[in-house]
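This briefing is for a reader who is meeting the structure for the first time. It begins with strand pairing, then turns to confidence, the sheet and the packing of helices.

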Amino acid sequence: MTSPTIGHLRVDGATLHYEVRGEGPLLLLIPGGTGGAASFDGVADDLATGYTVASYDPRGLSRSPLDDPEAEQRVERHADDAFRLLELLSPDAPARVAGCSSGAIVALHLLATHPERIERVVAHEPPVVEVLPDAAEHRALLARVRDTFHREGLMPAAAVFAAGLRRPGPVDPAASAAPAHAVAPADPADTPAASAAPAHAVAPADPADTPAGASASADAPKAAELPPELPPEAAARVQRTMADMPYFLGRIVPSFMAYTPDVDRLRALSDRLVLAAGADSAGELPYRPAAFLAERFGTPLVHFPGGHTGLSTHPAEFGERLRGALETGPPERAGRQPGSFLQPGFVAATATGAPRGSMSTT
């Protein structure tokens, strides 16, 4: 992996850590969850053969400290951070932007507010659940996660959140009864509530409100719990990810999941917007808003390898598909499309959460 050039940008209320590789037109990668700039390490070098690739840690996460750790977090402020990076790194030319999960929400707002600075946006599974017909159910999910965080702590809340992301279907009583630590993955960075999961899904309003007055950092899994075979760089990434989870669940998720995009504005700009979703996550909550908006705009939904965390699980294939989405012409209006595109009836069914067997093929 090529060592990036590291920079720091002072913005209102924070200092952003960013990384730059390659040469060419600017491609700004906006991470979701707690992954930070490192979540794009598996694709950045390949993309840097044709682009100046910039990635960064969003404010408050990892190496981008806030001036006020208790500051309210809003999509609009995070999108302004991304705009400041565009102004710094590509002042004279529009840029391409790709975002995953909560980072895709930021990318949508960036496009809506600064279209003159954007040549193309790829938004992979932005969980803008407020656009869905059943948005009230997802507000209730967020409330359950928040309550669980306050009563029981971080990992039980993350488990409640992860359960709410799954596609509708029978619940395994054994799985639902298992303690949160029993279902923790080997790499916490790959959990839905961590880096690759909808970076905005749910958490308490204030990490300081953890049970018995425990601090947010005390509630996070300890470094001793990490698999001993992880190489140093991977271990450091996991430690940063887990340390950031209370902030993510407590400050990012509630605000980002409550955000409502300007749908009319985005429809008018849909010729430069690629809505994308994981091929393996159809019907799951993070997938549905992208499907709904693609149907609404009359544009195809581009399938990427893997599920919501395809960037982590299928980096080479994900990067190849991302390059193609960035370089093709304006999205065609929805119709029967080959390969990675969905038919309009398929999109409509998944947008409403219908099981696969009931999907229209018209």
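In which sense do strand E5 and strand E6 pair, and over how many bridges? In this predicted model, strand E5 (residues 95-100) and strand E6 (residues 118-124) pair in the parallel sense, and the pairing runs over six bridges. Within this pairing, Val-97 stands opposite Val-121 of E6.

**Confidence**

- For the protein, the mean pLDDT is 80, and 74% of the residues reach a value of 70 or more.
- Over residues 170-224 the pLDDT stays under 50, and for this stretch the model has 138 contacts beyond four places in sequence.
- Over residues 334-362 the pLDDT likewise stays under 50, and here the model has 56 contacts beyond four places in sequence.

**The sheet and the helix on it**

- Eight strands make up an open sheet with mixed pairing, and their order across the sheet is E1-E2-E4-E3-E5-E6-E7-E8.
- The edges are held by strand E1 (5-11) and strand E8 (301-304), each of which has a single partner strand, so one side of each is left without a neighbour in the sheet.
- From one strand to the next, the twist averages 25°.
- Helix H3 (residues 102-113) packs on this sheet, where it touches strand E3 (26-30), E5, E6 and strand E7 (273-278), and the direction of H3 makes about 145° with that of E5.

**Helix H2 against helix H3**

- Helix H3 also meets helix H2 (residues 75-89), and the axes of these two helices come within 9 Å and cross at roughly 70°.
- H2 and H3 are therefore roughly perpendicular to each other.
- On the H2 side the contact is made by Val-75, Glu-76, His-78, Ala-79, Ala-82, Phe-83 and Leu-86, while H3 contributes Ile-105, Val-106, His-109 and Leu-110.
- Sorted by class, the residues in the contact of H2 with H3 are eight nonpolar, two polar and one charged.

**Helix H4 against helix H5**

- The axes of helix H4 (residues 135-152) and helix H5 (residues 154-165) come within 7 Å and cross at roughly 165°, which makes H4 roughly antiparallel to H5.
- The crossing in which H4 passes H5 is right-handed.
- The residues of H4 that make the contact are Leu-141, Arg-144, Val-145, Thr-148, Phe-149 and Glu-152, and those of H5 are Leu-154, Pro-156, Ala-157, Val-160, Phe-161 and Gly-164.
- The contact of H4 with H5 comprises eight nonpolar, two polar and two charged residues.

**Helix H5 against helix H8**

- H5 also packs with helix H8 (residues 232-257), at an angle of about 65° and with the axes 11 Å apart.
- The crossing in which H5 passes H8 is left-handed.
- In this contact Leu-154, Met-155 and Ala-158 of H5 meet Met-242, Met-245, Pro-246 and Leu-249 of H8.
- The residues of the contact of H5 with H8 divide into seven nonpolar, no polar and no charged.

Note on methods. Residues numbered from 1 in each chain as written. Predicted model: local features only at pLDDT ≥ 70, side-chain atom pairs only at ≥ 80, totals over all residues. Heavy atoms only, no water. pLDDT = per-residue confidence, 0-100. Contact = heavy atoms within 4.5 Å. Axes fitted to C-alpha atoms, helices over the stretch in contact; angles between N-to-C directions. Helix = DSSP H or I, 4+ residues; strand = E, 2+ residues; numbered from the N terminus. Parallel < 35°, antiparallel > 145°, perpendicular 65-115°, else oblique. Left-handed = near helix turned anticlockwise from the far one by under 90°. Nonpolar A, V, L, I, M, F, W, Y, C, P; charged D, E, K, R; others polar. Pairing = 2+ DSSP bridges.
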